[in-house]
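The coordinates it discusses belong to a predicted model.

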Amino acid sequence: MNILLLGSGGREHALAWKLVQSAHCDQLFIAPGNAGTAQCGTNVALSATDFPAVKDFVLKNGIGLVLVGPEEPLVKGITDFFRKDESLKQVVIIGPSQYAAQLEGSKAFAKQFMQRHNIPTAAYREFDASNFNDGVEYLKQHALPVVLKADGLAAGKGVLICQTTEEAVSEFEQMIQQSKFGEASKKVVVEAFLSGIELSVFVLTDGKSYALLPEAKDYKRIGEGDTGLNTGGMGAVSPVPFADQSFMKKVVEQIIDPTVKGLEKENFDYKGFVFFGLIKVGNDPYVIEYNCRMGDPETEVVMPRLASDLVEMLLAADNGTLAQLKVEQDPRVACTVMAVSGGYPGDYKKGLPINGLDNTLPADSLLFHAGTGIRNGITETAGGRVLCVTSYGNSIKEAVGKSRKALEQISYEGMYYRNDIGYEF
Ligand SMILES: Nc1ncnc2c1ncn2[C@@H]1O[C@H](COP(=O)(O)OP(=O)(O)O)[C@@H](O)[C@H]1O
Ligand SMILES: [Mg+2]
């Protein structure tokens, strides 16, 4: 079948790499894609949020399956758009409905869902202009640090961890009264701070059953030793050493099972990935957040460790037969190291030529493009996160070492990557 993948990051290059390995994949199109996805299929100059244009392309090119990479089209309702359109009824679309995507698009919606289904998460309250003063009182008696979250999508910037009550009250005021994050912060979730280590767990669900994918840990800070500003992600490892069998049993029993049962009980139209952002407090898992799609850069280690046919899995999610599917994992460790533009996550240049891309990589390393483009036949930088190298190994150290070695062959002005991905293991 012909497949259309929406998105343009490292996640999409890893998904594209995996999709074309399937016997079910005839032609693969990626919209809009990047210089790396162009090596897996055909890039199409389409915006993933221009639904009528996506429809037009799907019909003209006999697309049978659409996989939505990023959250924005999902939160804007692309799945509902497909379900409502008579001419698109036969097309399989992987991604939750607009209503279900609120699990990512609204922190308050997600917290209420977790509460209804007794899923462990930090204690919280939600506030907006109508109960602003109650919020200030609540903050004044809240333990420190305290976490403030803009309810809506805020490009990864809407969460503030406040160390003092004054700071919390001031930020709370700016979020609600002065729309610090626009519409997204008209409502604010105030939650207790949890202390522990984070990890990401992924499932593919049909809304009733699910297939568990390899877990991963990502590295968000720009600086080595987890210092400096937050980024989209500087690297990832899988498997996660502390996510042993007994911990993963708790994750399944206390978090994944009740979440998927909740989706079924509440009749969510959810055929797609669920990303559980978890934190291990003592020996127990808590949910920090849900995302309604795969993570980036986690996908760049999860897809290489997935031995099963991805297209078969997506089709099983669509027709509700996931329960019968056996997911095979590659037993090796996979690690990815992300190279970014100089200055990122602050201001950075784009359009810088990338050298060394023709060097052959070792057999157990994979290059995934993130923010790259092609101009006059030359591959150049086109974003903050530029490209990453994922390597397999017997240990995290070995795999990261291979990725760093491969990155030494590649260069562009201002190139930076962390040398210490996986340092704590
Ligand atoms: N209750 C909490 N306790 C401790 N840290 C938190 C808490 N909530 C969020 N964080 C930190 O903030 C980060 C971002 O929060 P998250 O809810 O994942 O929002 P988003 O990814 O949408 O920005 C988390 O990865 C975690 O490091
Ligand atoms: Mg997050």
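## Surroundings of the ligand

Ligand 1 has 14 residues around it, and those that come nearest are Lys107, Lys149, Glu191, Leu194 and Glu198.

An N or O atom in the side chain of lysine 149 is 2.8 Å from an oxygen atom of ligand 1, and an N or O atom in the side chain of glutamate 289 is 2.9 Å from an oxygen atom of ligand 1. At alanine 192 the backbone takes part, with an N or O atom that lies 2.9 Å from a nitrogen atom of ligand 1. Taken on its own, ligand 1 has 540 Å² of accessible area, of which the protein covers 79%.

## The antiparallel sheet

Which order do the strands of the four-stranded open sheet follow? The order is β6-β9-β7-β8, and the pairing is antiparallel. Strands β6 (124–127) and β8 (159–162) form the edges, each pairing on one side only. On average, and with direction ignored, neighbouring strands of this sheet are turned by 20° against each other.

Within this sheet, β7 (residues 146–150) and β9 (residues 188–192) run antiparallel and are joined by five bridges. Lysine 149, whose side chain has an N or O atom 2.8 Å from an oxygen atom of ligand 1, stands opposite valine 189 in β9.

Two helices can be described against these strands. Helix α6 (residues 107–116) packs on the sheet and touches β6, β7, β8 and β9, with a direction that makes about 140° with that of β6. Helix α7 (residues 132–140) lies across β6, β7 and β9, and runs at about 150° to β6.

## The parallel sheet

An open sheet of five strands has parallel pairing and the order β3-β2-β1-β4-β5. Its edge strands are β3 (42–43) and β5, each of which pairs on one side only. Strand β1 (residues 2–7) runs parallel to β4 and is joined to it by five bridges, with asparagine 2 having isoleucine 63 as its bridge partner in β4. Strand β1 also pairs with β2 in the parallel sense, again over five bridges, and here the bridge partner of glycine 7 is proline 32.

Strand β4 (residues 63–68) is mostly covered, with six of its six residues buried. Its parallel pairing with β5 (residues 92–94) extends over three bridges, in which leucine 65 has valine 92 as its partner in β5. Helix α1 (residues 10–19) lies across β1, β2 and β4, running at about 170° to β1.

## Backbone details

Another runs from serine 238 to proline 239, with omega near 0°, and proline 239 is found in the loop between β15 (235–238) and α9 (245–265).

Positive phi values in residues other than glycine also deserve a look. Asparagine 118 has phi near 55° and sits in the loop between α6 and β6. Aspartate 226 likewise has phi near 55°, and its place is in the loop between β13 (221–223) and β14 (227–230).

Are these two residues buried or exposed? Asparagine 118 counts as exposed because its relative accessibility is 66%, and exposed means over 50%. Aspartate 226 has 28% relative accessibility and therefore counts as partly exposed, since that value falls between the limits of 20% and 50%.

Methods:
Residues numbered from 1 in each chain as written. Chains lettered and ligands numbered in written order. Predicted model: local features only at pLDDT ≥ 70, side-chain atom pairs only at ≥ 80, totals over all residues. Heavy atoms only, no water. Pairing = 2+ DSSP bridges. Axes fitted to C-alpha atoms, helices over the stretch in contact; angles between N-to-C directions. Contact = heavy atoms within 4.5 Å. Buried < 20%, exposed > 50% of the residue type's maximum accessible area, 1.4 Å probe, protein only. Near = heavy atom within 4 Å. Polar contact = N/O pair within 3.5 Å; in protein donor to acceptor, adjacent residues only side chain to side chain. Areas by Shrake-Rupley, 256 points an atom, 1.4 Å probe, with all protein chains shown as cover.
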